[in-house]
Amino acid sequence: DAGERIQKVLSRAGVASRREAERWIAEGRVTVNGAVVTTPGTRVDISRDHLKVDGRRVRPSGPRVYYVLNKPDNYVTTTKDPEGRAVVMDLMVGLRGKVFPVGRLDYHTTGVLILTNDGELADRLLRPAAGCEKVYQAKVRGVPDAATLRRLALGITIEGQRTLPCRMRLIESEKHAWVEVRLKEGRRNQIRKMFEAVGHPVSKLRRVAVGPISDRGLALGRYRALTDSEVRRLKETVE
């Protein structure tokens, strides 16, 4: 029983959130003392054991750092892509130390992405129950009426699982509409699947805020460090 659960160690070392670490373990990308580990919960001692991800040694992280990136289209939200596509880390040029993206924005979704080496904060931000609201703007085909937006806001069943309640607001309506969506969960392609289910498929999707952090004044493809005040307010949203 010595040591800590391996996903917690990876999170604390600043290389991934616990959720992402569990995915890496399942994919066989993590080794301890040369042996592949595929069981989440395996206990390790990072001061004694040789823990590696993709063949690279994992060591305790340095000071906590926090960034916001305005993600462009056609980038994968991960640290590496087996298909050779561009990843968001390609845009984080000039950083000292390692960071990882908190959650995922879909390949064609643009906007606010938090990157950090603070695994504990990342895990809290990814838990719907923690209450961190993400704000999106979706361009959809046609103009959904009030009843349709209310239905989506109350929650619909997608792939056998009901979505959590969220907030919907029509912000522009001509031939196509822009809808603001505020939600606290983040299932893969969730917003696209929600609008597809009611006959208003999404043609463009951008995330404009994660809690108090917005993309205001940040060009596509650019990043900046969060201020101490922003980090404090971000942490307050999930306390």
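Modeller: Let us begin with strand pairing: two strands pair if DSSP finds at least two bridges between them, and strands are DSSP runs of E with at least two residues, numbered from the N terminus, while helices are runs of H or I with at least four. In strand S5, the bridge partner of Val30 is Val53. This is a predicted model, in which local features need pLDDT of at least 70 and side-chain atom pairs count only at pLDDT 80 or more, whereas totals for chains, interfaces and linings use all residues. Residues are numbered from 1 along each chain as its sequence is written, and side-chain values use heavy atoms, with hydrogens and water left out.

Biologist: What makes strand S2 and strand S5 a pair?

Modeller: Strand S2 (residues 30-32) and strand S5 (residues 51-53) are joined by 3 bridges and run antiparallel; at least two bridges are required, so the two strands pair. They belong to an open, antiparallel sheet of 4 strands in the order S3-S2-S5-S6.

Biologist: Why are strand S3 and strand S6 called edge strands?

Modeller: Strand S3 (35-36) and strand S6 (56-57) each pair on one side only.

Biologist: Is Tyr67 buried or exposed?

Modeller: Buried means under 20% relative accessible area, exposed over 50%, and partly exposed in between (1.4 Å probe, protein chains only). Tyr67 has 14% and is therefore buried, whereas Tyr223 has 23% and is therefore partly exposed.

Biologist: Where does the charged end of Arg206 sit?

Modeller: The charged end of Arg206 sits over the ring of Trp178, 4.2 Å from its centre. The criterion is that NZ of Lys or CZ of Arg is within 6 Å of the ring centre and within 35 degrees of the ring normal. Arg85 likewise lies over the face of Tyr107, at 5.1 Å from the ring centre.

Biologist: Why is Glu159 called exposed?

Modeller: Its relative accessible area is 67%, so Glu159 counts as exposed. Glu159 is found in the loop between strand S11 and strand S12.
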